[in-house]
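Trainee: Could you walk me through reading the features of a model like this one?
Mentor: Gladly; let us look at it together.

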Amino acid sequence: MASDAEPGRRRRCCTQDTPDVPKVPDSRSDSDGPRRGSLCDRHCAAINDVQGDLGDLGCHLHRPRVPPATSTPSCYQQHSEEVCESCVVKTTLTAENAVEANKLSNNYKFGFKKWKSHVTARPWEDRSEIVKELYSDLNVIRGSGGSTLTCGNVLYLLLFGWWLSLLYVLVAAVMFVTVIGAPYGRLCWGLAGYFLWPFGKVIQKVEVPKSHHTCKAGTEESSALLGGPTPRRWHPQCWAGTGYWHCASSAVWLCLGYPVLVLAHGLVCVTAWLLIVLIPVAKLSARAASRVLLLPPEQVLIRRLKMTEVPLEGEVILCCYRAANPYYYKYAVDGINVFAVNLLPLVLVTLVLGYVDSPNHLTGSAIKFTLALLSIMPLSYYIGMAIASISAQSNFAVGAVVNATFGSITELTFYITALIKGSREGNRCYAEVVKSALTGTLVGCVLFVPGLCMVIGGIRHQEQRFNSRSAGVSSALLFLSVGGVFAPTLFSKVYGKLVCGECHNVTQNPLGHYLCHNCHFDLMDNNGTLYYSHVQPLVYTVSILLPAAYLIGLFFTLKTHTHIYDIHVSDCHMPGHHHSAVVHWSRWRALVILLLSTLCMSACADLATEHISPILTNSTISQYFIGVTVLAMVPELPEIVNGIQFALQNNLSLSIEIGNCIAVQVCMLQIPILVLFTIFYPTNFTLVFSDLHVYASMFSVVLMNYIFMDGKCDYFQGTVLVMVYFILLAVYFFAPSPSGC
């Protein structure tokens with residue numbers, strides 16, 4: 001066997017037989033063929049399951065090293081001889097359902113948004129034990145919980161436990177003073193000890209026999225779960241007959257004790273939820289306020305668990321072992337990541353504060369600008385999730401239209417609002433900031449996004465491979481787009497007239513050297529003949545050719561040359577799974593969220609451009625640097641996170657495609673749309689960039705193509721890209737502000 005002779009080989013399996021590997025007939029009947037195929041499919045699915053990635057499985061098919069005549073007839077042995085060594089031939093996608101498979105297939109299509117998160121609910125049995133624990137209720141008793149003295153539990157004690165316990169003691173004192181609320185006083189006294197350190201303890205609902213019509217003291221009960229006698233309880237006579245909600249003690253409790261404790265637990269719940277890693281504490285507080293505090297005191301039993309205890313017949317309400325769990329960054333609510341959920345209130349605060357406090361009485365422009373910029377991040381996530389959901393549940397035409405229409409809506413919204421404001425104020429600085437943001441997006445997506453993914457992915461995987469043919473298509477489009485975008489700039493450098501604002505003779509010699517400031521190429525010489533007769537027609541020509549080239553690239557990769565990606569949706573889903581798709585967002589719901597997110601994005605962009613003017617005028621930092629960093633990369637943070645997740649799963653092809661597709665869309669869609677917008681709404685935006693933008697963009701594209709030439713990379717090459725990106729940022733940081741700002 002080859003597995004014995006060469007144990008170091010890495011092998012993978014594919015669901016289809018390669019046509020160039022000859023089949024050897026065996027001595028068994030023809031009916032054994034389908035059985036062999038089924039065995040092979042089951043073997044493939046098992047390998048996919050072991051790898052843990054439901055998305056992308058690269059399969060390299062080669063001829064067996066042994067002669068075909070001597071190759072073994074079984075399907076399993078045939079696949080064992082197929083060795084992965086070079087470029088990707090087939091990419092097999094294995095998913096739980098057709099909708100998820102469609103989403104995975106769209107990730108490999110040029111021009112479609114790459115989305116890592118699931119758009120359908122994953123079957124519970126497919127999830128790991130770590131993820132199952134995140135979604136489990138705090139009512140499960142473990143056989144061995146381990147030590148409860150952990151850093152997270154101590155953090156709970158310091159942040160919440162001590163004052164929450166003290167509050168329960170004070171409420172218990174108030175209940176005892178009222179006399180008729182004494183049962184709730186006893187309950188609060190017990191809960192004070194519980195919430196001081198709830199770990200390793202259990203709160204259980206115990207049913208009280210209806211025959212207890214009188215108050216009994218000293219009654220002891222044995223517990224199969226906890227062992228030993230239960231604590232003494234006072235059973236008020238009113239619980240047995242008319243129902244405890246009609247008792248006077250319940251009225252006192254609902255008026256004096258319960259509201260205070262609910263407010264306290266609400267504060268704990270919100271704070272812990274925002275900290276994310278302390279979400280178990282949020283669940284603990286929410287369950288205590290909604291269940292424990294609404295139960296009759298006699299039905300609440302608080303005990304400490306022991307290692308030898310077994311469950312008892314009563315209902316377990318609360319049982320917590322850990323206050324913190326670092327894996328809660330994976331937690332999702334209705335398919336939405338917890339970070340996006342927590343940032344959604346920030347959008348509401350930004351809109352209310354921005355439009356209600358217009359005179360800046362409560363906060364200044366800097367805070368409002370920062371809030372508006374941060375609000376773009378969750379809105380970008382919701383837009384991406386909506387686009388992925390609609391595309392996965394629709395046909396190719398609908399998905400292509402949605403991606404082309406809303407794929408760049410985040411950036412275009414900000415750019416257009418900035419140009420409108422600059423035109424109204426007659427300030428050319430806004431146009432320069434937009435150009436800086438466009439260049440920063442291009443440079444960041446070409447250098448920083450793939451470089452960061454290479455570094456993080458290379459920490460886990462020593463060497464990562466990607467589809468060099470698909471990357472080559474994006475690289476060719478990048479060369480074309482960069483050349484087209486900067487063609488008017490190069491034309492103006494050749495034929496424009498250099499004009500300087502101020503010059504000084506440094507040698508006191510009329511023929512000596514002059515030091516000039518604020519120099520630029522004047523395109524409006526001779527009443528603007530050069531610009532209007534030569535540069536502007538060139539700009540319009542480029543703005544027509546670039547979208548046409550983008551459409552040709554779509555047709556090339558999605559219709560005539562689909563073998564470049566060669567995506568195959570496997571028929572063998574995960575073993576034993578025949579689940580129907582349960583989508584998080586239906587098409588109509590996704591469409592509504594997409595439109596609402598776009599509307600909120602427009603409002604946040606308007607607020608950002610409204611309050612950016614004081615920052616541009618009063619800041620000592622170059623406007624170039626603000627544009628290429630903050631304004632360019634903040635809207636792309638969800639895409640960066642997706643790229644990192646793909647890289648960690650050894651799928652660097654999609655990580656690279658994320659950056660390349662954004663860069664291509666900047667040059668071939670966003671810039672032509674801005675030029676088209678200036679035709680209907682005149683602004684100060686012209687397709688003539690500074691020398692710094694031209695050199696940085698061209699150098700970045702050339703370096704990216706050199707790094708991606710061999711179809712494999714490691715963390716060192718990623719480090720090179722990231723370092724070059726930071727060097728360019730340093731150049732922008734120390735560069736003087738553009739003329740007109």
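Predicted model: local features only at pLDDT ≥ 70, side-chain atom pairs only at ≥ 80, totals over all residues.

Mentor: Residues are numbered from 1 along each chain as its sequence is written, and side-chain values use heavy atoms, with hydrogens and water left out.

Trainee: How many salt bridges does the structure hold?
Mentor: A salt bridge here is a side-chain nitrogen of Lys or Arg within 4 Å of a carboxyl oxygen of Asp or Glu. The structure holds nine of them. One joins the side chains of Lys368 and Asp357, at 3.5 Å from N to O. Lys368 sits in helix H11 and Asp357 in the loop between helix H10 (338-356) and H11, so this pair ties together parts that are 11 residues apart in sequence. Helices (H or I, at least four residues) and strands (E, at least two) are DSSP runs, numbered from the N terminus.

Trainee: Are Lys368 and Asp357 buried or exposed?
Mentor: Buried means under 20% relative accessible area, exposed over 50%, and partly exposed in between, with a 1.4 Å probe and protein chains only. Both Lys368 and Asp357 are buried.

Trainee: Which pair links distant parts of the chain?
Mentor: Lys493 forms a salt bridge with Asp691, with the closest N and O atoms 2.9 Å apart. Lys493 is in helix H16 (residues 487-495) and Asp691 in helix H23 (residues 691-707), 198 residues apart. Lys493 is partly exposed at 26% relative accessibility, as is Asp691 at 34%. There is also a network, in which salt bridges that share partners join Lys421, Glu425 and Glu610.

Trainee: What about the largest nonpolar core?
Mentor: A nonpolar core is a set of buried Ala, Val, Leu, Ile, Met, Phe, Trp, Tyr and Cys residues joined through side-chain atoms within 4.5 Å. The largest has 125 residues, and Leu447 and Leu631 have the most contacts inside it. H14 gives the most to this core, with 16 residues. Contact means heavy atoms within 4.5 Å. Beyond four places in sequence, the contacts of Leu631 include Phe369, Phe414, Val433 and Ile626. Another core, of 40 residues, lies apart from it, with Ala172 and Tyr194 among them.

Trainee: Where does the largest share of the lining of the largest cavity come from?
Mentor: Rolling a probe the size of a water molecule over the atoms shows where empty space is left. On a 1 Å grid over the protein atoms alone, a cavity is a set of points where a 1.4 Å probe fits but cannot get out; lining residues have an atom within 4 Å of a point. The largest cavity is lined by 23 residues, with Lys113, Gly407, Glu639, Ile662 and Gln665 nearest its centre. The largest share of that lining, six residues, comes from H22.

Trainee: And where does Asn325 lie?
Mentor: Asn325 is in the loop between strand E5 (315-320) and strand E6 (332-333). With a relative accessible area of 11%, Asn325 is buried.

Methods:
1 Å grid on protein atoms, 1.4 Å probe; cavity = no way out; pocket = protein on both sides within 12 Å on 5 of 7 lines; lining within 4 Å.
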